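I opened this entry to record what I looked up, one item after another, with the cut-offs beside each term.

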Amino acid sequence: MTPILPGSTIGFLGGGQLGRMAAMAARTMGYDVHVLDPDAHCPARALASQTITARWADVDAAAKLAEGADVVTMEIEQIPVLSLEAAQRHAPLHPSPAVLFIVQDRARQKEWLRNQGFPVGPFRVVRSAEDTRVAQHEFGSCIVKATHGGYDGRGQARVHHEDEVNAAWASIGAPECVAERFLDLSAELSVMVARSESGEMRAYAPSRNHHTDGVLTWSVIPSGFDPFIEKHAAEIACGIAERLGVVGLLAVELFLLDDGTLCVNELAPRPHNTYHHSERACVTSQFEQLVRAVCGLPLGDTDVVRPAAIYNLLGDIWSGQQAPDFAGVLALPGVRVHLYGKREARPGRKMGHLSACGATADQALARVIDAYQLLASSAASS
Ligand SMILES: Nc1ncnc2c1ncn2[C@@H]1O[C@H](COP(=O)(O)OP(=O)(O)OP(=O)(O)O)[C@@H](O)[C@H]1O
Ligand SMILES: [Mg+2]
């Protein structure tokens with residue numbers, strides 16, 4: 001493939017925070033950026049020389065984005081295949097519609113993983129409260145997830161007893177879900193893999209991640225897990241990237257179970273919240289790596305240069321639309337503030353994150369946790 005060189009234009013399907021940070025990396029490297037997003041005030045707008053405001057299902061808008069771009073990539077997986085195919089008629093599109101087709105449906109993705117021999121927890125595809133009851137009987141505690149459209153734990157319900165089944169099914173309100181056994185997690189980790197069209201592949205060191213109520217709270221790299229577990233996680237992630245034939249990025253979320261085994265939670269063929277620390281920790285950030293991979297440039301070195309951690313900032317610590325006072329945390333050693341430029345703060349909405357470097361992963365993590373607590377307490381007292 002002839003590389004798409006700086007000076008060319010990258011079209012982004014999706015202008016949320018992931019698109020914004022990837023667009024910043026693209027701009028740094030001298031690319032122009034165009035964005036398509038349903039929200040006219042999307043976070044990536046500030047970086048784009050052209051923003052198309054349209055629904056994901058608008059095939060003409062997807063075609064228009066691609067017409068103005070030398071290559072198209074995406075920050076979310078929930079884009080209808082018809083729109084992806086419309087874009088692909090006008091410019092190279094990475095990752096491909098075939099990859100997105102597998103990944104964007106939770107049931108299809110899990111079945112694909114299982115059929116390919118990758119480790120996944122027990123699950124059933126359910127289409128009614130009755131199906132869900134059967135799953136609950138089989139699994140005991142389970143977690144029911146809509147096959148389409150969920151993120152940050154939305155479109156999910158946890159069911160521990162039979163008498164919770166009806167309410168859980170009704171609360172999700174989707175025609176099809178995956179019911180998974182509720183697993184005893186010892187820890188959570190993820191592995192980011194970059195792959196280019198030539199088949200060149202680079203994995204990042206695994207990230208250790210902590211979620212609260214289904215939403216990522218913090219991530220730290222290096223993970224500190226046993227090297228054997230890290231190696232196994234990397235093998236699984238690279239195996240999936242290769243089998244999928246993904247071009248671009250693939251984040252593989254994994255669970256470490258109490259018995260020491262790993263199983264895949266889910267896949268994301270794009271930049272991922274758990275690798276925001278790569279901007280500070282790694283030779284090449286995930287965002288620059290995406291640009292390199294989709295433009296057919298050599299992939300960058302993924303080595304960890306220094307430990308780093310991130311802590312997510314949700315709209316909960318905004319008071320109304322008033323941002324918390326960031327001056328205090330910026331005085332802490334190693335701490336940086338990353339904000340996504342979202343105009344409206346809502347509880348649960350990802351508004352930004354804090355990052356910190358440290359001499360060790362534990363120190364980096366302690367720094368972001370301390371910084372967050374300072375920020376949250378100043379927000380509560382204002
Ligand atoms: N089967 C399970 N057993 C135990 N915990 C689970 C299970 N599935 C999900 N969780 C918990 O919920 C979190 C979010 O789950 P999942 O990744 O499926 O949701 P999501 O909405 O796609 O989230 P995100 O967009 O943040 O990736 C997991 O990281 C984990 O902490
Ligand atoms: Mg997840």
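I looked up E200 and found it partly exposed, at 28% relative accessibility, where buried means under 20% relative accessible area, exposed over 50%, and partly exposed in between, with a 1.4 Å probe and protein chains only. Its partner R202 also counts as partly exposed, at 29%, and the side chains of R202 and E200 meet in a salt bridge of 3.8 Å, N to O. I take a salt bridge as a side-chain nitrogen of Lys or Arg within 4 Å of a carboxyl oxygen of Asp or Glu.

I note that this is a predicted model, in which local features need pLDDT of at least 70 and side-chain atom pairs count only at pLDDT 80 or more, while totals for chains, interfaces and linings use all residues. Residues are numbered from 1 along each chain as its sequence is written, chains are lettered from A and ligands numbered from 1 in the order in which they are written, and side-chain values use heavy atoms, with hydrogens and water left out.

How many salt bridges does the rule give? I find that the count comes to 13. One of them joins the side chains of R27 and D32 at 3.3 Å, N to O; R27 is partly exposed with a relative accessible area of 35%, and D32 is likewise partly exposed, with 21%.

I then turned to E288 and R292, whose side chains meet in a salt bridge of 2.9 Å, N to O. Both residues lie in helix α10, residues 286-295, four residues apart, which is about one turn of the helix; helices (H or I, at least four residues) and strands (E, at least two) are DSSP runs, numbered from the N terminus. E288 is partly exposed, with a relative accessible area of 23%. I also noted that salt bridges that share partners join K110, K145 and E180 into one network.

For the chain as a whole, I recorded 12 helices and 17 strands. The radius of gyration is 20 Å, close to the 21 Å that the globule rule gives for 382 residues, so the chain is as compact as a globular protein of that length; this radius is taken over C-alpha atoms, and the rule is 2.2 Å times the number of residues to the power 0.38. The C-alpha trace spans about 60 × 50 × 45 Å along its principal axes, and 55% of the 382 residues count as buried.
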